[in-house]
Amino acid sequence: MLYFKVKEEKAKETALTVTLVVFAIFFIYPLVFVVINSFRPNADIIINPTGLPVKLFIGNYVKAWKEMQFPRVFFNTLLVTVLGTGGIILSSAMCAYGLVRSEVKISAVLYAFFAFSLVIPFQIIMVTLGVLAADLHLMSVPGLIPMYWGLGCPTAIFMFHGFIKSVPRELEESAAIDGAGRFYIFFRIVLPLIKTIIATVAVIDALWIWNDFLLPLIVAKQGTIQLAQMRFNGQFMKDYGPMCASLTISSIPIIAFYLGLQKYIIKGIAAGAVKG
């Protein structure tokens, strides 16, 4: 009886492993497909999209680098991503801390307002947002930064709020007795204790801002990686080779950033599960 039970457990584990491998292949295949086709001439891709390269063709990367003006658009996108993500984290953490520690009843109303804004689709406000950006003279790449702050803060505040509530008040009261001010308590005591959720918010927002296409199209019209890639997507002809090359080189930085902070995301998810 024990023998059959062990066999059944092993069969379940094998079935689970096979299922996970199949799902992993489905998720990884598009990335592999793009990388493979980035080393193939455009004519070969059109004839046989799923084929393998006969020899490594780096002309796609050269063309993508030159036509996209990659150093310029890379710097613009990196600047917007870093400043946008940093601003969201700082302002949202301070706002969430104020809402959690405030004794005023309106703080609950404000938190509910931020939570409610999460269900509003971007498509509903994008026209109004474009008009507002024009009125405030934000129709440029630098103008994207404060707009990302406004769009990203509600989600970040919602995430920070729950974690800051778990920080013991006694730590802050002890620091206050020793003469520490609010800013010292926030930056030296509270922030280090919530670094897992900070890393989680950083990855989520960095992925969103780096890969965003619609808001830069409305506001800046040009100047970011995602908009520059559109020059390979014509109305009557698509330059698949350089397009795949541009996707490959533009995804390397953000994938490296994600892998570097992945362990903090897992810690944050685990901590959130324990709190729940």
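1. Helix α7 (144-165) gives the largest share of the lining of the largest pocket, namely eight residues. In this predicted model, local features need pLDDT of at least 70 and side-chain atom pairs count only at pLDDT 80 or more, while totals for chains, interfaces and linings use all residues. Residues are numbered from 1 along each chain as its sequence is written, and side-chain values use heavy atoms, with hydrogens and water left out.

2. The largest pocket holds about 500 Å³ of space. A pocket here is an open set of points on a 1 Å grid over the protein atoms alone, where a 1.4 Å probe fits and protein lies on both sides within 12 Å along at least five of seven lines, and lining residues have an atom within 4 Å of a point; the volume is the space filled by probe spheres set on the points, which are joined across faces, edges and corners.

3. In the largest pocket, 22 residues form the lining, and I120, F122, L151, G152 and W208 lie nearest its centre. Two or more lining residues come from each of α6 (122-135), α7 (144-165), α10 (195-211) and α11 (214-219), where helices are DSSP runs (H or I, at least four residues) numbered from the N terminus. By class, this lining has 16 nonpolar, four polar and two charged residues, with Ala, Val, Leu, Ile, Met, Phe, Trp, Tyr, Cys and Pro counted as nonpolar, Asp, Glu, Lys and Arg as charged, and the others, Gly among them, as polar.

4. For the second largest pocket the volume is about 150 Å³, and its lining includes Y97, R101, R169, E172 and E173. The elements α4 (70-101), α8 (169-177) and α9 (182-193) each give two or more residues to this lining, and the largest share, four residues, comes from α8. Five charged, four nonpolar and one polar residue make up the lining of the second largest pocket.

5. S107, which lies in helix α5 (residues 106-116), counts as buried because its relative accessibility is 10%, buried meaning under 20% relative accessible area with a 1.4 Å probe and protein chains only. Leaving aside residues up to four places away in sequence, S107 touches L99 and S102, a contact meaning heavy atoms within 4.5 Å.

6. The protein chain averages a pLDDT of 86, and 92% of the residues score at least 70, pLDDT being the predictor's confidence in each residue, from 0 to 100. Among the elements, α4 has the highest mean pLDDT (93) and helix α14 (residues 262-275) the lowest (58). Over residues 272-276 pLDDT stays under 50. Where pLDDT is low, the predicted coordinates should not be read in detail.

How values were computed:
Buried means under 20% relative accessible area, exposed over 50%, partly exposed in between (1.4 Å probe, protein chains only).
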